[in-house]
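Dear colleague,

Please find the structure below, as promised. My notes on it come after.

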Amino acid sequence: MSDHTGAVAEHVGGTTQSFIYIWIALLAMTGVEVLLAYEQVPVLIMLTALLGLSIVKAALIIAYFMHLKFEKLSLFLTLFPMLVLCIILMLIIFMPDSLRSLNMRVVQ
Amino acid sequence: MSEAKAATMDSVWQGGASPYAIGSKKFGMWLFIISDALTFSALLVAYTYLRLSTPNWPTPFHFSPSIIFSSVMTFCLLSSSLTMVMAVHAMNHGNRKATVGWILATIVGGLAFVVLHISEWLNLINNEHVTPFGNEWGVPLFGGTFFALTGLHMTHVIIGVIYLGIIAFAVGRGKFKYEDVEVSGLYWHFVDLVWMFIFPLVYLMSAKL
């Protein structure tokens, strides 16, 4: 392996076939999401299912299309735990307040 | 060389020459992506906050045309991600001609997304009378958050199309290296990834048969 100053790095992981499989998986999960919307399932189940599928889709894109699975673990550890922590903090701070303001609404 | 490499490998957390064993362009793009992800997260949290605390939040997305349109848009963006991976793959094998072809296919996917998205916007503006500042249901925040979120995402797609156009042009003329194509691919996949959250949370959660 060469150093990073412009030389072509050795490209490990990911064949054309694996990319196509992941593309099909992403399309299939999108299809399930649209089906859920069509069936008009209850909101809470819908939200859980949609967010779950979206996170799986995002993970597949990051790991394979964005190649993070084949990078050093230190890159992942530098970037993602803080992103997840920030998002969780936003949710913890704002979501209870949002539901509280719903209950405090003056009935018209 | 091997000694230097070993030192780099051993001192990942001590700030070696290349602690992540990737180029600085790629690392820069990753840092941008993470900060941009926080921007979109903040907008999505704001959207969800307002939606939860508004009892009469409108659900104007009829299955036809809105949901069908946005599903086709999702297909365009997902497929353009596949062609972008192929472009990076071709560049890694030194095949510049194939790289340009795959990047052009990616640009076509991106443009199809933008055209469909604008027609979907026009449908919402003309038929449902939603603007960023008001609508018939008396929930102006719906238009505000909807156009802010999807507008920022569409801006990213348009910038991505221009970015990829420049990369394709330069690669075709024998300029730029593998890393440059890979970095542009990272940006494009990120734009795709953001849509994977906007599509379900904004469109599918507000679907109406």
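Predicted model: local features only at pLDDT ≥ 70, side-chain atom pairs only at ≥ 80, totals over all residues.

The chains

Chain A has three helices and zero strands, in the order α-α-α along the sequence. The chain is divided into domain 1, residues 12-71, and domain 2, residues 73-108. The C-alpha centres of these two domains of chain A are 22 Å apart. Of the 108 residues in chain A, 17% are buried.

Chain B has six helices and two strands. Their order along the sequence is α-α-β-α-α-α-α-β. Buried residues account for 44% of the 209 residues of chain B. The C-alpha trace of chain B spans about 70 × 40 × 25 Å along its principal axes. If one takes the contacts in chain B between residues at least 6 apart in sequence, 75% of them join residues at least 24 apart.

Helix 1 against helix 2 within chain A

Helix 1 of chain A (residues 16-39) packs on helix 2 of chain A (residues 43-65) at an angle of about 165 degrees, and their axes are 10 Å apart. The two helices of chain A are therefore roughly antiparallel to each other. Their crossing is left-handed. On the side of helix 1 of chain A, the residues in this contact include A:F19, A:I22, A:L26, A:M29 and A:L36. Helix 2 of chain A contributes, among others, A:M46, A:L50, A:L53, A:V56 and A:L60. By class, the contact of helix 1 with helix 2 of chain A comprises 14 nonpolar residues, one polar and two charged. A:E33 of helix 1 and A:K57 of helix 2 are among the residues that take part.

The interface between the chains

In the interface, 42 residues of chain A are in contact with 43 residues of chain B. On the chain B side, the elements that give two or more residues are helix 2 (24-52), helix 3 (63-92) and helix 6 (178-203). Helix 3 of chain B gives the most, with eleven residues. The side of chain B that touches chain A has 30 nonpolar residues, eleven polar and two charged.

Helix 1 of chain A packs against helix 3 of chain B at an angle of about 170 degrees, with the axes 10 Å apart. That angle makes helix 1 of chain A roughly antiparallel to helix 3 of chain B. The crossing of this pair is right-handed. From helix 1 of chain A the contact includes A:F19, A:W23, A:L26, A:L27 and A:V34, and from helix 3 of chain B it includes B:F63, B:I67, B:F75, B:L78 and B:L82. The contact has 13 nonpolar residues, five polar and no charged ones. A:F19 and A:L26 also belong to the contact of helix 1 with helix 2 of chain A.

Helix 3 of chain A (residues 73-104) meets helix 2 of chain B, where the axes come within 9 Å and cross at roughly 15 degrees. These two helices are therefore roughly parallel to each other, and helix 3 of chain A passes helix 2 of chain B in a right-handed crossing. Residues of helix 3 of chain A in this contact include A:L83, A:C86, A:I87, A:M90 and A:F94. Helix 2 of chain B supplies, among others, B:W30, B:I34, B:L38, B:V45 and B:Y49. Here the residues divide into 17 nonpolar, two polar and no charged.

Backbone details

Most residues other than glycine have a negative phi, and most peptide bonds are trans.

The peptide bond between B:S64 and B:P65 is cis, with omega about 10 degrees. B:P65 is in helix 3 of chain B.

A:Q40 is not a glycine, yet has a positive phi of about 55 degrees. A:Q40 lies in the loop between helix 1 and helix 2 of chain A. This residue is exposed, with 12 other C-beta atoms within 10 Å.

B:A21, likewise not a glycine, has a positive phi of about 55 degrees. B:A21 sits in the loop between helix 1 (2-10) and helix 2 of chain B, and is partly exposed, with 19 other C-beta atoms within 10 Å.

Regards

Conventions
Residues numbered from 1 in each chain as written. Chains lettered and ligands numbered in written order. Domains from an automatic or database assignment. Contact = placed C-beta atoms within 7 Å. Helix = DSSP H or I, 4+ residues; strand = E, 2+ residues; numbered from the N terminus. Nonpolar A, V, L, I, M, F, W, Y, C, P; charged D, E, K, R; others polar. Axes fitted to C-alpha atoms, helices over the stretch in contact; angles between N-to-C directions. Parallel < 35°, antiparallel > 145°, perpendicular 65-115°, else oblique. Left-handed = near helix turned anticlockwise from the far one by under 90°. Buried ≥ 20, exposed ≤ 12 C-beta atoms within 10 Å, placed from the backbone.
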